[in-house]
Amino acid sequence: MKKHLCADAFTLNLLPQALYLYIALSKITAMTDLRKLLLCLSLLLCYHRSYCWGFYAHKQINYYAVFLLPPEMMVLYKPNINFIAEHAVDPDKRRYAVAAEGARHYIDIDLYGKDAHTILPEQWDSAIAKFSADTLNARGIVPWWIQIMMRRLTAAFKEKNQAKILKLSAELGHYIADAHVPLHACSNHNGQFTNQLGIHAFWESRLPELLAEKEWDFFIGKAVYLQHPASFIWKRVFESAAAADTVLRFEKKLSEQYGSDQRFAFEDRNGVLVRQYAASYTRAYNAVLQGMVERRMRQSVYAVASFWYTAWVNAGQPDLKNLSGKTFTEEDTREFENLDLQWKKVADKDKICE
């Protein structure tokens, strides 16, 4: 099954980029040759393995979505806003423990051809009948998986089970946000076909982390009831797919104006020296994209809140001040602990940066 990682791309480009790093580090440190090389490899692993919205962006999207909810929902979501934000990243952690998880985060629309808009069924059962489950999973299933998660959240509201509502809300927000990322709707998901390795994390991690907190605005009105949630999310997915070419083409053109020493810089990240896109180049890319990343994040916030709200309405608008299941079960607690443990093992082993 295809996974949206950069392992293959990393293997193809490891040596030339390691050499670049080695030369750069030689100018700034007196470490032994072996230690320099090992650090280069570590930095490259950290740099190439990032590929989701990024932990920061996912948490921010869920966090701001809470403020779009009506007061009847805010009584539950606001006191638990930290849980909803922190657990927005659980689906990414689960990829390392559950083989089927990866396909839930993306869909390669381009593999279905120019008629994808007309040949892809909105509903999962119809899609399986037409293409087979194996084909769908190989190409990604995010718009169908969002509908499944939506039904689960609606059921949790009907049960008036607080723990389930919070857990499912956090995870549903993750998949909805992923559907808004252009490179989650394109088989060239990390520029591996166009010599643009690392563009995935550049677009969805580097830009938000540099610009979102002080320069972007996420207070955008109120959630709305979605008459047709499936059609809504498919529209957003096709918008993502249409924007993928712009994401790739504009970066390619911009890179021709900058040398490697201008495009990349070494920065300290959680005590680790990381080679990443320079702040000036990141701002230049944001400018040529005319605010696309902020716009897609804002749309993600709006969509997440609206899906939560729609699930609540479809469940009969239960009173969220009086719920059962307010504490997580032992099974839930073990799952949270296992996800953190699995993620820590992978992060420590592969030097992944959050």
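Helix H16 has 23 residues and spans 32 Å from its first C-alpha to its last, close to the 33 Å expected at 1.5 Å a residue. The expected span is 1.5 Å times one less than the number of residues. Helices (H or I, at least four residues) and strands (E, at least two) are DSSP runs, numbered from the N terminus. H16 is followed by Gly316, whose phi is positive, near 95 degrees.

This is a predicted model, in which local features need pLDDT of at least 70 and side-chain atom pairs count only at pLDDT 80 or more, while totals for chains, interfaces and linings use all residues. Residues are numbered from 1 along each chain as its sequence is written, and side-chain values use heavy atoms, with hydrogens and water left out.

**Helix packing**

- Two packed helices are described by the angle between their axes and the distance between the axes.
- Helix H12 (residues 199–215) packs with H15 at an angle of about 95 degrees, and their axes are 10 Å apart. Axes are lines fitted to C-alpha atoms, for helices over the stretch in contact, and angles run from 0 to 180 degrees between N-to-C directions.
- H12 and H15 are therefore roughly perpendicular to each other, a term used for angles of 65 to 115 degrees, while under 35 is roughly parallel, over 145 roughly antiparallel and the rest oblique.
- On the H12 side, the residues making this contact include Trp203, Arg206 and Leu210, and on the H15 side they include Tyr281, Thr282 and Tyr285. Contact means heavy atoms within 4.5 Å.

- Leu289 lies in the loop between helix H15 (279–288) and helix H16 (292–314).
- With a relative accessible area of 4%, Leu289 is buried. Buried means under 20% relative accessible area, exposed over 50%, and partly exposed in between (1.4 Å probe, protein chains only).
- Leaving out residues up to four places away in sequence, Leu289 touches Trp203, Thr246, Val247, Phe250 and Arg295.
- Leu289 and Phe250 are 39 residues apart along the chain, yet their C-alpha atoms are separated by 7.3 Å.

**A strand hairpin**

- Strand S1 (residues 264–269) and strand S2 (residues 272–277) run antiparallel and are joined by six bridges. Two strands pair if DSSP finds at least two bridges between them.
- Phe266 has Arg275 as its bridge partner in S2.
- The two strands form a hairpin with two residues between them, and Asn270 in the turn has a positive phi of about 55 degrees.

**Trp234 in H13**

- Trp234 belongs to helix H13 (residues 229–255) and counts as buried, at 2% relative accessibility.
- Its contacts beyond four places in sequence include Ile107, Leu120, Pro143 and Trp144.
- The C-alpha atoms of Trp234 and Pro143 are separated by 6.2 Å, although the two residues are 91 residues apart along the chain.

- Lys167 is found in helix H11 (residues 162–179), and its 15% relative accessibility makes it buried.
- The side chains of Lys167 and Glu335 are joined by a polar contact of 3.4 Å. A polar contact is a pair of N or O atoms within 3.5 Å; within protein, one must be able to donate a hydrogen and the other to accept it, and residues adjacent in sequence count only if both atoms are side-chain atoms.
- Arg104 sits in the loop between helix H6 (90–94) and helix H7 (116–119), and is buried at 16% relative accessibility.
- The side chain of Arg104 makes a polar contact of 2.7 Å with the side chain of Glu101.
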